[in-house]
Amino acid sequence: MVFKMLHSPLAGTAGVLAALGLLAVPLLRLTSARPSPPAQRSAAKPSTDDLTPAVLRLKLLTPARSIRLKTEVGGILLDLTDQAAGESEYGTSLPIRNDALDLLLEADLGDAPSDTAVFLTVMPDGREGQTRYTIGSGALTQPLRFNWHQR
Amino acid sequence: MTKPMFTGLLGILTAALSSAAPLQVAALHPLMADLARQVGGERVTVVDLVGEGGNPHRFEPRPADLQRMQASALVLAAGKNLEPYLNRLRDTLQGVTVVEVGSTLPSLMVAKEADQPHGAPDAAGTLDPHWWHGVENMRRAARVVALAMAAKDPAGKAIYLNNASAYGARLEQLARWARGELAKVPRAQRKLVTAHNAFAYFAKEFDFEVIAVAGLNDEQNNTPQELARTIEAVKQSGVKAIFPEFNANAKVLQSIATATATTLAAPLIADGNGTGKNAGFEAMIRHNVEAITQALAPP
């Protein structure tokens with residue numbers, strides 16, 4: 001059997017070298033590229049990392065038509081209707097930033113003839129519970145500020 | 001009887017038995033056992049491993065305890081580093097959920113020596129595990145236990161949460177009563193000189209100051225220098241009574257009382273180690289409040 005040489009051995013080597021050369025460019029970019037700066041976290045947009053598990057304790061002295069509790073950016077934490085007087089607890093997660101928390105309480109206390117009160121205790125994991133309240137009648141909107149700054 | 005029919009009946013019987021069987025909960029602290037009973041009611045069987053009058057600081061599980069825990073669905077630990085063996089226990093108890101009841105509750109740190117010259121210096125800056133002396137803490141803990149039980153027994157979730165809520169209401173009344181009683185103690189006398197440093201959470205809730213003779217663990221002994229510092233602190237505080245503890249040697253406190261011309265009051269219950277009518281959290285708080293008021297309030 002006779003073998004016919006179709007290509008020169010040098011031509012094959014040159015092909016391999018050319019392929020390696022082509023690969024070298026992206027490899028060099030990959031290995032010598034400067035690390036890009038970490039993406040900036042948007043302070044205005046809380047991620048789930050910023051949320052603290054908590055328990056909310058609501059105390060009503062008289063029945064309420066509705067109770068709504070919102071975060072400062074409008075996230076709804078509680079949305080209750082036809083609540084009886086008494087205490088109830090709810091698990092939630094709170095956007096506590098710099099040891100502080102701002103909430104908005106909206107309560108429709110119906111046609112109670114005299115002033116009544118709504119108490120809200122916030123108990124985040126690892127922090128002391130704090131209670132705020134609002135007194136009045138009819139429809140109430142009350143901003144509530146909680147803070148756990150060390151004194 | 002055909003085989004499918006037999007299998008079906010067996011399935012119904014098994015389901016009925018499993019739903020009727022109470023949830024077994026083991027506790028590594030007498031007050032966690034009490035809490036489990038309050039929240040679980042008739043739906044749980046509680047295994048109190050430390051036992052009534054036992055000291056959770058000294059408890060180390062034995063092989064028989066491990067078997068009882070292995071047969072439980074839940075193991076309740078106080079947490080906050082009270083049980084140094086907890087990681088080993090978790091490794092051993094594969095498949096059993098160990099709940100550190102106090103882990104999500106607010107913590108107090110032991111004051112640095114500079115702030116507390118009478119305290120045990122080796123404990124300064126460490127986490128104070130005695131959260132169970134706070135009434136509000138116990139109220140929060142009830143919900144933690146209710147949710148842990150509900151995770152193992154979802155059909156009982158409403159019962160556990162209702163029981164926790166009812167217990168919470170009782171504890172609120174207890175705290176109100178305690179505040180009323182302790183208000184009889186003049187501000188200058190609102191200081192608790194106790195055998196070991198267990199009452200910081202109680203003191204914070206009811207606005208007292210703690211002067212502890214020993215550290216966080218009642219087995220810690222004092223050096224003569226520490227004892228001298230304590231005697232000086234008691235003299236400076238102007239308190240008229242100091243408090244021994246149940247099941248603890250009052251010899252050191254007796255010598256402090258003699259050196260400071262103070263009265264040795266009725267013993268306090270620390271760590272829930274009361275027995276009989278003093279067993280359980282509510283009885284502990286009632287007893288301690290009465291002992292403190294009797295000793296420090298004017299007649």
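The centres of domain 1 and domain 2 of chain B, taken over C-alpha atoms, lie 27 Å apart in this predicted model. Domain 1 covers 20-107 + 128-173, and domain 2 covers 185-296. These bounds come from an automatic or database domain assignment. Local features need pLDDT of at least 70, side-chain atom pairs count only at pLDDT 80 or more, and totals for chains, interfaces and linings use all residues. Residues are numbered from 1 along each chain as its sequence is written, while chains are lettered from A and ligands numbered from 1 in the order in which they are written.

The two domains of chain B touch. In domain 1 of chain B, 21 residues are in contact with 18 residues of domain 2 of chain B. Two residues are in contact if their C-beta atoms, placed from the backbone, lie within 7 Å. On the domain 1 side, the elements that give two or more residues are helix H2 (30-40) and helix H5 (135-152) of chain B. H5(B) gives the most, with four residues. Helices are DSSP runs (H or I, at least four residues), numbered from the N terminus. By class, this side of domain 1 has eight nonpolar, nine polar and four charged residues. Ala, Val, Leu, Ile, Met, Phe, Trp, Tyr, Cys and Pro count as nonpolar, Asp, Glu, Lys and Arg as charged, and the others, Gly among them, as polar.

Ala36(B) lies in helix H2 of chain B. Ala36(B) counts as buried because it has 26 C-beta neighbours inside 10 Å; the cut-off for buried is 20 or more other C-beta atoms within 10 Å, with C-beta atoms placed from the backbone. Leaving out residues up to four places away in sequence, Ala36(B) touches Val25(B), Ala27(B), Val44(B), Val46(B), Leu76(B) and Val145(B). Ala36(B) and Val145(B) are 109 residues apart in sequence, yet 6.9 Å apart in space, C-alpha to C-alpha.

Helices H6 (residues 157-182) and H10 (residues 281-296) of chain B also pack together, at an angle of about 10° and with their axes 9 Å apart. Axes are lines fitted to C-alpha atoms, for helices over the stretch in contact, and angles run from 0 to 180 degrees between N-to-C directions. H6(B) and H10(B) are therefore roughly parallel, a term for angles under 35 degrees. H6(B) contributes Leu174(B), Ala178(B), Glu181(B) and Leu182(B), and H10(B) contributes Glu282(B), Ile285(B), Val289(B), Ile292(B) and Thr293(B). This contact has six nonpolar, one polar and two charged residues.

Between chains, nine residues of chain A are in contact with eight residues of chain B. The chain A side has two nonpolar, two polar and five charged residues.

Definitions and conventions:
Parallel < 35°, antiparallel > 145°, perpendicular 65-115°, else oblique. Buried ≥ 20, exposed ≤ 12 C-beta atoms within 10 Å, placed from the backbone.
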